[in-house]
Amino acid sequence: MAQSFRVLLVEDDDSLRSCLSEFLSGQGWDVGATGHAAEALRMVQRQRFDFSLLDFHLPGMTGLELFQQLAALRPLPAILMSGLASHDEALAAQHAGFFAFLRKPLELARLRTSLHLLIQT
């Protein structure tokens with residue numbers, strides 16, 4: 001039986017958030033999803049999450065800033081996603097300590113591989 005994890009998903013694109021939530025739920029994981037960084041911070045204060053999947057470009061703050069604020073509350077392994085996926089963004093993600101940096105549109109096979117590697121660490 002697969003181990004159940006609780007995933008924090010922060011993606012401001014409603015349709016992508018819905019698709020990713022369905023994909024993550026299909027892995028047998030519980031998903032807490034929001035499109036807003038401030039709500040993600042409130043969710044982490046109320047619930048336990050095992051890891052997070054964050055969009056780089058969010059309203060109000062970047063995924064990098066959110067990752068740092070989450071770490072101050074409760075450090076979580078995280079994967080960062082970006083539609084721009086510039087070299088600077090990839091370097092910033094690496095330096096911040098993200099487990100992986102994925103380019104959008106996401107390749108589900110690569111996302112699945114990254115997630116399974118993350119939970120094995």
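Predicted model: local features only at pLDDT ≥ 70, side-chain atom pairs only at ≥ 80, totals over all residues.
Two strands are taken to pair if DSSP finds at least two bridges between them.

Select residues 51-55, which form strand S3. S3 pairs with strand S4 (residues 78-82) in the parallel sense, over four bridges. To locate this pairing in the viewer, display Asp55 together with Met81, its bridge partner in S4. Then follow the chain onward from S3: the path leads through helix H3 (residues 63-73) to S4, and this β-α-β crossover is right-handed.

Return to S3 and show its side chains. In a regular strand the side chains alternate between the two faces of the sheet. Here, Phe51, Leu53 and Asp55 point one way from S3, while Ser52 and Leu54 point the other way. All of these residues are buried, and S3 as a whole is mostly covered, with five of its five residues buried.

Next, select residues 6-10, strand S1. S1 runs parallel to S3 and is joined to that strand by four bridges.

Leu80 marks the contact, with Phe101 as its bridge partner in S5. Tracing the chain from S4 takes the viewer through helix H4 (residues 87-96) to S5, in a β-α-β crossover that is right-handed.

Notes:
Residues numbered from 1 in each chain as written. Heavy atoms only, no water. Buried < 20%, exposed > 50% of the residue type's maximum accessible area, 1.4 Å probe, protein only. Helix = DSSP H or I, 4+ residues; strand = E, 2+ residues; numbered from the N terminus. Right-handed = clockwise from strand over helix to strand, strands pointing away.
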